[in-house]
Amino acid sequence: MSKRNIIITGGAGFIGSHVVRLFVNKYPDYHIINLDKLTYAGNLANLKDVENKPNYTFVKADICDFEMMLKIFKQYHVDGVIHLAAESHVDRSIRDPFTFARTNVLGTLSLLQAARLTWEYLPEGYEGKRFYHISTDEVYGALELTHPEGKSSEISAHEVYGDEFFKETTKYNPHSPYSASKAGSDHFVRAFHDTYGMPTIVTNCSNNYGPYQFPEKLIPLFINNIRHRKPLPVYGKGENVRDWLYVVDHARAIDVIFHNGKIADTYNIGGFNEWKNIDIIHVIIKTVDRLLGNPEGYSEGLITYVMDRMGHDLRYAIDSTKLKNELGWEPSLQFEEGIEKTVQWYLDNQEWMDNITSGAYESYYEDMYNL
Ligand code: NAD
């Protein structure tokens, strides 16, 4: 059997921590190295339950530090990479695009180069070389809202808001500095396959939700604001449509694809689950109020419409049929169940939330929304 030393970058972040947890628990024979810089979004408290496992190592490092990456790849005989480290928040990318280009493009390049230069010399027994890059559906651009009221469709368990969907063959057309930087990194990964024969895989996933998400993102932000009776800032009219996937289902997909995905291929990952922002907000309000024992509609008055995000893409909708047909993956949770679990988790883990919403985040939030 081949040995495995797998680096998971960004393992202290939201999705990365779920991937680390899954791999450490499911594969006791693999050595899982969580490589993370611990930016504002990285939080080792996300991994308390795995930090003492014998097959887990945490390394604090910046993926942009190429010499350090080389050293780490050599030291641990790394033969697999699952790359999630990134700057991930669109709003922050609008304010500070340079940081996004640096981390997402140059950081990915530095990892690719470290893998390329060390993989030739891996000792015998390390055979599972694979560089798996996690990306977003936002690289595809935006889709039309041809059915603003929604309509049923064979592709989705829920209503859909347009006729088109992102497929693996959809041309890249990123609009925000975040999606442009992710697109750049995707291109570098594919170029390393085409040029050097690096065994790469890329996946593009829709919006994730679930436990341990940094509360600048819509769902944890709103749960936390309702708890503190703070305004709920809704961009524009709340008409933008996103596809939502429970984060544990994304981690399951990553597991399947890392092991069975075809080298040099791309897979879209999504929930078949389109929602308008404003509708999701009503679901969150309803769920939080019910779980907190508030009367129905109690928190609706907190909704506050704010100026739309610059260049706000109208609709993202992903078609993950290829992943279902070729590798048998499907989301395991219906959205209603996932949201219930998610809200309950944030209400049960208020200390986790309070620890990260104090300090620097508080001033970012005030500056961002002026609320
Ligand atoms: P996150 O912001 O919660 O976590 C990012 C992690 O990367 C943090 O732990 C941070 O410390 C680390 N990091 C940042 N810069 C680093 C650097 N220079 N060196 C090392 N570590 C660094 O992000 P997330 O939401 O968990 O997203 C993870 C990945 O999945 C990203 O690549 C993102 O583009 C992609 N993605 C996210 C979503 C989503 O809905 N959240 C959807 C599709 C794809």
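H77 lies in the loop between helix 2 (66-76) and strand 4 (80-83); helices (H or I, at least four residues) and strands (E, at least two) are DSSP runs, numbered from the N terminus. H77 has a positive phi of about 50 degrees, although it is not a glycine. With a relative accessible area of 32%, H77 is partly exposed, a class that lies between buried (under 20% relative accessible area) and exposed (over 50%), with a 1.4 Å probe and protein chains only.

This is a predicted model, in which local features need pLDDT of at least 70 and side-chain atom pairs count only at pLDDT 80 or more, while totals for chains, interfaces and linings use all residues. Residues are numbered from 1 along each chain as its sequence is written, and side-chain values use heavy atoms, with hydrogens and water left out.

- F272 is placed in the loop between strand 10 (266-269) and strand 11.
- The phi of F272 is near 50 degrees, a positive value in a residue other than glycine.
- F272 counts as buried, at 15% relative accessibility.

**The ligand and its shell**

- There are 28 residues around the ligand, and I15, D36, S88, Y178 and K182 come nearest; a residue is near a molecule or strand if one of its heavy atoms lies within 4 Å of it.
- By class, this shell has 13 nonpolar, eleven polar and four charged residues. Ala, Val, Leu, Ile, Met, Phe, Trp, Tyr, Cys and Pro count as nonpolar, Asp, Glu, Lys and Arg as charged, and the others, Gly among them, as polar.
- Helix 1 (14-26), strand 5 (130-136), helix 5 (177-196) and strand 7 (207-209) each supply at least two residues of the shell.
- Strand 5 gives the most to the shell, with three residues.

**Polar atoms around the ligand**

- An N or O atom in the side chain of K182 is 2.6 Å from an oxygen atom of the ligand. The term polar contact stands for a pair of N or O atoms within 3.5 Å; within protein, one must be able to donate a hydrogen and the other to accept it, and residues adjacent in sequence count only if both atoms are side-chain atoms.
- A nitrogen atom of the ligand lies 3.0 Å from a backbone N or O atom of K37.
- For T39, a backbone N or O atom lies 3.0 Å from an oxygen atom of the ligand.
- On its own the ligand has 830 Å² of accessible area, and the protein covers 97% of that. Accessible areas come from the Shrake-Rupley method with a 1.4 Å probe; for residues, only the protein chains shown count as cover.

- Strand 2 (residues 31-36) is mostly covered, as six of its six residues are buried.
- In a regular strand the side chains alternate between the two faces of the sheet. In strand 2 both faces are covered: H31, I33 and L35 are buried on one side, and I32, N34 and D36 on the other.
- Strand 1 (residues 5-9) pairs with strand 2 in the parallel sense over five bridges; two strands pair if DSSP finds at least two bridges between them.
- I7 has I33 in strand 2 as its bridge partner.
- From strand 1 the chain crosses through helix 1 to strand 2, and this β-α-β crossover is right-handed. That term applies if, with the strands pointing away from the viewer, the path from the first strand over the helix to the second runs clockwise.
- Strand 3 (residues 56-60) also pairs with strand 2 in the parallel sense, over five bridges, and F58 in strand 3 is the bridge partner of N34.

- Strand 9 (residues 241-246) is mostly covered, with six of its six residues buried.
- V241, D243 and L245 on one side of strand 9 and R242, W244 and Y246 on the other are all buried.
- Strand 7 and strand 9 run parallel and are joined by three bridges, with Y209 opposite Y246 in strand 9.
- Strand 9 and strand 11 (residues 274-276) pair in the antiparallel sense over three bridges, and R242 stands opposite W275 in strand 11.

**Two buried helix residues**

- F23 is found in helix 1 and is buried, with a relative accessible area of 0%.
- C-alpha to C-alpha, F23 and I8 are 9.6 Å apart in space, and they are 15 residues apart in sequence.
- S181 lies in helix 5 and counts as buried at 4% relative accessibility.
- The side chains of S181 and N104 are joined by a polar contact of 3.0 Å.
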